[in-house]
Every structure is written in C-alpha cells, then in structure tokens.
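Subject: Structure handover

Hi,

Here is the structure I promised.

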Amino acid sequence: MRRIFPILLITIALQSCNEYQKVLKNDDIKAKYDLAEKFYAEGDFKRANRLYEQIAPKYIGKPQGERVMFFLSNSYFERGDYNMAGYQFERFIKSYPKSDKVVEASFLGAKSFYELSPEYSLDQSATDKALLKLQNFINTYPDSEYFAEANIMAKELTVKKERKSFEIVKQYNKLGEFNLDMLKSAITASDNFVSDNPGSIYREDAMFIKMDALTHMAMNSFESLQEERLNEAKAAYMALKKKYPETKYDKKATNLLEKIDKELQRFQKQDVESK
C-alpha cells in the first residue's frame, strides 16, 4: 500500500493536468467554465484564473457573467497578482453595481492596493492610492464586516507614511552635525510634521528633535544670534514637557536644558555687568 498510494496520487495529478491542458486548448466554453469552477472550489486559483481569463469575455451580459467576473478578480487576488486584482475588482464594481458582492469586491480591491504599498523608504504613491481606496470603503460601508480590518490597514499605511516623513526629519538633524542649514531644515521639517500629523506615534520624537536641533544651532551660532536661539530651544523643551510630562527623552532633554540655562546665565551676567 505504501508503494501504491504515491503512484495513485501521481496518476490522478497527471490525469488532472491532461484534462486541464485539453480543455484549455479547445473551444468548449461550457467545459472551460465547469473546470474553472472545479479548480476554484479546490483552491487551485492559478489554473482557475487561466480558464476564467479565456471565458470572461464570452459571458458578458449573460447570467453567469457576474459570477465569472468576480471569480476572475478574486483568483488574481488569491494568486498574489494584486495589480490585476485591483483593476478587475474595479471593473466588476462598475459592471455590476447592484451585485451582492459589491461590498466584498470593494474591500478586496482596496486590499489589493494595500498589498502593493512598498517599504516606507520608497516612493509612497501606491500607499496614497491604497489609503484613498481604504478610506472610501470605510466611509461608504461603515457597517461592513470588513470595516475593522479596513481600519487596521488604513492605520498601518498612515503610520508608514508618517515614518517616511519622520525619517526625513531625523536625516536633516543628523546632517546638521556638519551643516547649520540642515539644522534649520530639521526644525522646519519637525514643525511641519507635528502640524500635519497631530496623532502620530512619532510626534514626541519630532518634538525632541526640534529641541535638539535648536540647541545645537544656538550653540554654533554667532554670538549675536545665540541668546534668541537659546530661548527658542528652551521654549521647545517646555513644549515637549507640556505635551509629554513623562517623555522618554526626559534625561536627554534635561541635559540639553542644563547646557541652555548655563549659556543663558552667561548672557544674563553680561547684561548685569554692562549696566
């Protein structure tokens, strides 16, 4: 039996393959349809997809057309061909706007674009498109069974975009060690980030970077500019502590504040002496 069973499996597989090739090459639309349904039900989306591709144009306007087009779209999704899946789900929705599969198709179409979103360090045009699709779905179908998952995906993509913006802030600050203009860019980028992303998980980090950049810029400025910039750095510290009283940057921020106060005391002493 141990020898017979593998041979039996191979025989069945070969028969299935032969049947698939035979049906794929002939012009019997009904045979293609039946075999596509069989493969789809078995989870063989690759072969089902090939067959649905061939017969989909033939079923336009026919009762089975809606089913064929949805299964064609979903077989692309299940194969991981998200570009085609997104495109086909959009076609399905336009072709069958009253279908009871529209909600699912809208969700899977949006999820297809979500799957195409690249790493945060790359161009985020695809992420923007995915967020738009997901937000449209969330707004249109707030009672859908897919609502929670759509929200999770939208939040993940939002955080990804925020991280890309935040990494730019970090990079400016790092480059500022060698270039004062980069510190100015870090400060501006930090302000823009905090303004544009009020609920971001990177908000605290951006606020600390602003203080750090302002401090280093003040310390490396001309004497005539130092006092004003030191006060700006101290204001950034106060803003950070007000928003995050127990900030994770407390030790680093306190060390910077001590340097700031030490320099400000020097200016105060100079003012007293000048009088």
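By class, seven nonpolar, four polar and three charged residues make up the lining of the second largest pocket. (Ala, Val, Leu, Ile, Met, Phe, Trp, Tyr, Cys and Pro count as nonpolar, Asp, Glu, Lys and Arg as charged, and the others, Gly among them, as polar.)

A note on the source: this is a predicted model, where local features need pLDDT of at least 70, side-chain atom pairs count only at pLDDT 80 or more, and totals for chains, interfaces and linings use all residues. Residues are numbered from 1 along each chain as its sequence is written, and side-chain values use heavy atoms, with hydrogens and water left out.

Back to that pocket. Its volume is about 210 Å³. (A pocket is an open set of points on a 1 Å grid over the protein atoms alone, where a 1.4 Å probe fits, with protein on both sides within 12 Å along at least five of seven lines; lining residues have an atom within 4 Å of a point. Volume is the space filled by probe spheres set on the points, which are joined across faces, edges and corners.) Of its 14 lining residues, Glu90, Ile93, Ser106, Lys133 and Asn136 are the closest to the centre. Helix α6 gives the most, with five residues.

Serine 106 sits in helix α6, residues 102-115. (Helices are DSSP runs of H or I, at least four residues, numbered from the N terminus.) Leaving aside neighbours within four places in sequence, serine 106 is in contact (heavy atoms within 4.5 Å) with Ile93, Phe137 and Tyr141.

The largest pocket has a volume of about 300 Å³. Helix α8 supplies the largest share of its lining, five residues.

Best wishes

How values were computed. Helix = DSSP H or I, 4+ residues; strand = E, 2+ residues; numbered from the N terminus.
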